[in-house]
Amino acid sequence: MNNPQLNKQGELHHLLSTEGLPSRILFDILDRASAFVDGDGRGEIRKVPLLHGKSIFNIFFENSTRTRTTFEIAAKRLSADVVNLNIGSSSTSKGETLLDTVDNLCAMHADMFVVRHAQSGAAHLIAKHVAPEIHVINAGDGRHAHPTQALLDMFTIRHYKKEFHNLRVAIVGDLLHSRVARSQIHALTTLGVPEVRVIAPKTLLPSHVEKLGVRVFHDMKQGLRDVDVVLMLRLQNERMQGAALPSAQEYFKYYGLTQEKLALAKPDAIVMHPGPMNRGVEIDSSVADGSQSVILPQVTFGIAVRMAVMSTLAGAK
Amino acid sequence: MNIQIKNGRLIDPKNNIDAVQDVYVAAGKVLAISKAPSGFKADKIIDASGLVVIPGLIDLAARLREPGYEYKATLESEMSAAVAGGITSLACPPDTDPVLDEPGLVEMLKHRARALSQAHVYPVGALTYGLKGTELTEMAELVDAGCVAFSQADAALTDTRVLMRAMQYAATFGFGVWLRPQDSFLARNGVAHDGEVATRLGLPAIPVCAESIALSTMLQLARVTGVRLHICRISSAEGVALIRAAKKEGLLVSCDVSMNHIHLSEMDIGFFDSNCNLIPPLRHQRDRDALRAGLQEGVIDAICSNHSPVDDDAKQLPFAEAEAGATGLELLLPLVLKWAQQDKRTLAEAIAKVTVNAAHIMNIDAGHLSPGAAADVCIFDPECYWKVEAAALKSQGKNTPFLDMELQGKVRYTLVNGQLVYQNT
């Protein structure tokens, strides 16, 4: 089966998932992103007119202020023209099909679509459908993938830990419904992290998750032992209604990240979270605001990584 | 019209025939096999040299989309697809709009189908009104109008008391009840098999136990009520095992499988190919292998197309939003042949799965070419390869996982009641 993300020369043409991408492509993006981060240590993002004259359409079928804003900032740092489309309030509510909406936008001469949709596979469908010169970036499709989030997480890990090949990484929380977790797992294993752990109650783990190359833990205290990186996932309120969990309180007691549980990890372990956080549900405030948390730097790095993705796609011919 | 089908390899599983023998047709019926009856003068001679002559195929599940879903397909288009596929009898499920739960609707459908003079259409009536699973339909009246059995199609029937009563009532008259085993709670919102592929793709999933739990319930109730139970579209190894045990016990149960499920697995979804969005879902390769073993053993009696034409717009959506189903009338024969060839089964054994066995399940006298039988015949070229493309299909549904693939086995002639209704030479 042809890899829908790569062109015939093996270069990145769409970014739809971290699954199926060779490690050199992931490292390329991380290296490019490094170049965009200001070297003087203040962590500011440079403005580089690489995408001057290009149009980037943010097509969000599912609401998101944070991701859309970082894509917009990233595009503008590259001097691209940005158009934001909040589809929920427009044509699809009038009955227009997804592909009709996409066709109309193609006719407006976009160079790149950044797409977020509530259904798994939406980005693949759009990528299959658009004209060959248009690039598609998946900003999150259902439970399936959120590749730019995973890439910024990898960038963050490399920034603080330097190497991947000697790390123990734990992903904690609702993996069943998480596109972030799936993309993180593929990126971590591709980049050579030797031990990826998942920590969750059985109701929040997808079946056969170990086939993705992870070690499964139901006991968070066991799972966090000697870990270098803790990747927390958000717990949505709907999980209690769906009979997956009894209460946020019990979840916090057994699966919430507290100082006490964090102490079981390595002393220099870093704590990450894709945001937005539910304080007191999956993470204690003292940890979120504590010295081991790198949650805010993640956001800054996210701009550089998205700039790297966009410039990589635009550069490939 | 007197027809002589000459020099074809005649395969009639019911009568144990697999030999080069002529078939003589007159007044819509098979007159004789092998030797011309005295005084027989053929008005038409079909030269079947190099071709295989079999009873017309019998398809246990073909959605014709009428009444109600004419934008997906019509009787005209689907009936012509059926005979192009060598299918001369088909059973259509009751999930039309309105549902086939009134004798008047059944009569109208039969009348429309008869007027087209193509394949015989045998409606399967709704077991409950509107398929809602609460009130029984007038089963005796529906059989009088032409129904051959009763089913819930893909609608849930969660009230086990209603299910038991429905089976008891059907058993009173000796009517068959056809059910697809799926626990609606466990399957809710699921679109793919609960396995590695659904996990990777982030698709809501249906575990195997959704089938095995419902199937256990159905088999137990069949034991209690004595109803003639037919299990539709078995999809898992666990399901096959349950049927095997039930048959061993002597329960009155039969079973069919969809042609897609004996060839495909969850892996074929690939990058979210919505043509592989099927009900039941495509499961693990081990399940597929168990289905094939079940066919070989006879645990699974018949193969059907589960023909469900879907318009392009309804398929060109993200996987979970796309409408489930695959077109299939024209692929049934080549896919049955492909199974036979791969698993080294005889042609007779394979053809039985879509002729005599299917007829037995439907309780009709068909699927064989004994003298006196209706002259429903399929003549095909077993060697000919053809490409499955939209233009090649007569069905309005172009939605099949086999799109752009080459299949072997092409129908050349189809006769219904001794009339040549399809020719492709």
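## The parallel sheet of chain A

In this predicted model, chain A holds an open sheet of four strands. Their order is β2-β1-β3-β4, and the pairing is parallel. Two strands stand at the edges: β2 (81–86) and β4 (135–141) of chain A. Each of these has a single partner strand, so one side of each is left without a neighbour in the sheet. Neighbouring strands of this sheet are turned by 15° against each other on average, direction ignored.

Strand β1 of chain A covers residues 55–60. It pairs with β2(A) in the parallel sense, over six bridges. Which residue of β2(A) is the bridge partner of A:F57? That partner is A:V83.

## Chain A as a whole

Chain A has 12 helices and nine strands. Along its principal axes, the C-alpha trace of chain A spans about 55 × 50 × 35 Å.

How does the radius of gyration fit a compact globule? Chain A has 317 residues, and a compact globule with that number would have a radius near 20 Å. The value for chain A is 19 Å, which agrees.

## Two helices that pack

Now turn to the helices of chain A. Helix α1 (residues 23–36) packs with helix α12 (residues 295–315) in chain A. The angle is about 120°, and the axes are 8 Å apart. That angle makes α1(A) oblique to α12(A). The crossing of α1(A) past α12(A) is right-handed.

Which residues make the contact? From α1(A) come A:D28, A:I29, A:R32, A:A33 and A:F36. From α12(A) come A:A304, A:V305, A:M307, A:A308, A:V309, A:S311 and A:T312. These residues divide into eight nonpolar, two polar and two charged.

## The mixed sheet of chain B

Chain B also has an open sheet of four strands. Here the order is β5-β4-β1-β6, and the pairing is mixed. At the edges stand β5 (29–33) and β6 (44–47) of chain B. Each has a single partner strand, so one side of each is left without a neighbour in the sheet. From one strand to the next, the twist averages 20°.

Inside this sheet, strand β1 (residues 3–6) of chain B is joined to strand β4 (residues 23–26) of chain B. They run antiparallel, with three bridges between them. Within this pair, B:I3 stands opposite B:V25 in β4(B).

## A hairpin in chain B

Further along chain B, strand β19 (residues 406–416) pairs with strand β20 (residues 419–423). The sense is antiparallel, and the pair has four bridges. In β20(B), B:Q423 is the bridge partner of B:Y413.

How many residues lie between the two strands of this hairpin? There are two residues between β19(B) and β20(B). In the turn, B:N417 has a positive phi of about 50°.

## Where the chains meet

Finally, the two chains touch. On the chain B side, 19 residues are in contact with 23 residues of chain A. Which element of chain B gives the most to this side? Helix α5 (residues 196–201) of chain B does, with four residues. The side of chain B that touches chain A divides into nine nonpolar, five polar and five charged residues.

Definitions and conventions:
Residues are numbered from 1 along each chain as its sequence is written. Chains are lettered from A and ligands numbered from 1 in the order in which they are written. This is a predicted model: local features need pLDDT of at least 70, side-chain atom pairs count only at pLDDT 80 or more; totals for chains, interfaces and linings use all residues. Axes are lines fitted to C-alpha atoms, for helices over the stretch in contact, and angles run from 0 to 180 degrees between N-to-C directions. Angles under 35 degrees count as roughly parallel, over 145 as roughly antiparallel, 65 to 115 as roughly perpendicular and the rest as oblique. A crossing is left-handed if the near helix is turned anticlockwise from the far one by less than a right angle, and right-handed if clockwise. Two residues are in contact if their C-beta atoms, placed from the backbone, lie within 7 Å. Ala, Val, Leu, Ile, Met, Phe, Trp, Tyr, Cys and Pro count as nonpolar, Asp, Glu, Lys and Arg as charged, and the others, Gly among them, as polar. Two strands pair if DSSP finds at least two bridges between them. The radius of gyration is taken over C-alpha atoms; the globule rule is 2.2 Å times the number of residues to the power 0.38.
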